[in-house]
Structures are given as C-alpha cells and as structure tokens.
Amino acid sequence: MGEFEAMASSVEQARERVKAWAEKHSHVVLYDDESSVLMDVASGKSLRLAWGDVKGLEEKVHPETRDIYLVILLESGLQIALADPGGVAFAP
C-alpha cells in the first residue's frame, strides 16, 4: 500500500471514528457526514471539518468520567476535542 493509500485509509478510519463517537454522544455533539459538519449541541456552533487537513486522531480517556474522548489533529497544528461533557472544544 502506497503512502497516499495509507493516508486515505487512516483519514477514512478517523472519519468513521468521529461519526461513531458523535452517534453515541449525540446529546453533546452532532456530526453530519454528508457535509462534514460538527455541531456543539450546547452552543449551537458548528465547524466544517476538512478531512484532507486531518493529520491524525487520538482516543483518550476523560479523567473524571472515564469515557473515551477524541482529539482531532489538523495540519495547521490546531487540535479539536470531542468530549462528554464539553462537546466540541479547541485546545488553548
């Protein structure tokens, strides 16, 4: 498998993980796969996620709830977390 195929595969896996996480946590984050838009339920703010700019995705464990949360790493260095509680959060 070439580098491009590996990147495409990992982006697809990241997209599927975000989609599954949002479905499980739809009370805090909604994700529209067709438009690649994440919406923070509490604030109503939305963010279009450009999957071509995704550098990586990490699963972490929330220290209080022990639930899995996701950190999306973008090429620009920006990090976006999907957490419950919290919804869509940006790293400081």
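The exercises below, each with a worked solution, concern a predicted model.

**Exercise 1.** Determine in which order the strands of the open sheet are arranged, and which strands stand at its edges.

*Solution.* We begin with the arrangement: three strands form an open sheet in the order β1-β2-β3, and their pairing is antiparallel. In the next step we look for the edges, where we find β1 (29–32) and β3 (46–48), each of which has a single partner strand, so that one side of each is left without a neighbour in the sheet. Direction ignored, neighbouring strands of this sheet are turned by 20° against each other on average. Finally, we look at one pair in detail: β2 (residues 37–40) and β3 are joined in the antiparallel sense over three bridges, and L38 stands opposite L47 in β3.

**Exercise 2.** Decide whether S36 and R66 are buried or exposed.

*Solution.* S36 lies in the loop between β1 and β2, and its phi is positive, about 60°, although S36 is not a glycine. Because buried means under 20% relative accessible area, S36, with 10%, is buried. R66, in the loop between β4 and β5, also has a positive phi, of about 65°, without being a glycine. Because exposed means over 50%, R66, with 59%, is exposed.

**Exercise 3.** Find the residues that H62 is in contact with, leaving aside its neighbours within four places in sequence.

*Solution.* We first locate H62 in the loop between β4 (54–61) and β5 (68–74), where H62 is buried, with a relative accessible area of 13%. Its contacts are D67, Y69, D84 and P85. Turning to D84 and P85, we find that a cis peptide bond joins them, with omega about 5°, and that P85 belongs to the loop between β6 (79–83) and β7 (87–90).

Notes. Residues are numbered from 1 along each chain as its sequence is written. This is a predicted model: local features need pLDDT of at least 70, side-chain atom pairs count only at pLDDT 80 or more; totals for chains, interfaces and linings use all residues. Side-chain values use heavy atoms; hydrogens and water are left out. Helices (H or I, at least four residues) and strands (E, at least two) are DSSP runs, numbered from the N terminus. Buried means under 20% relative accessible area, exposed over 50%, partly exposed in between (1.4 Å probe, protein chains only). Contact means heavy atoms within 4.5 Å. Two strands pair if DSSP finds at least two bridges between them. Axes are lines fitted to C-alpha atoms, for helices over the stretch in contact, and angles run from 0 to 180 degrees between N-to-C directions.
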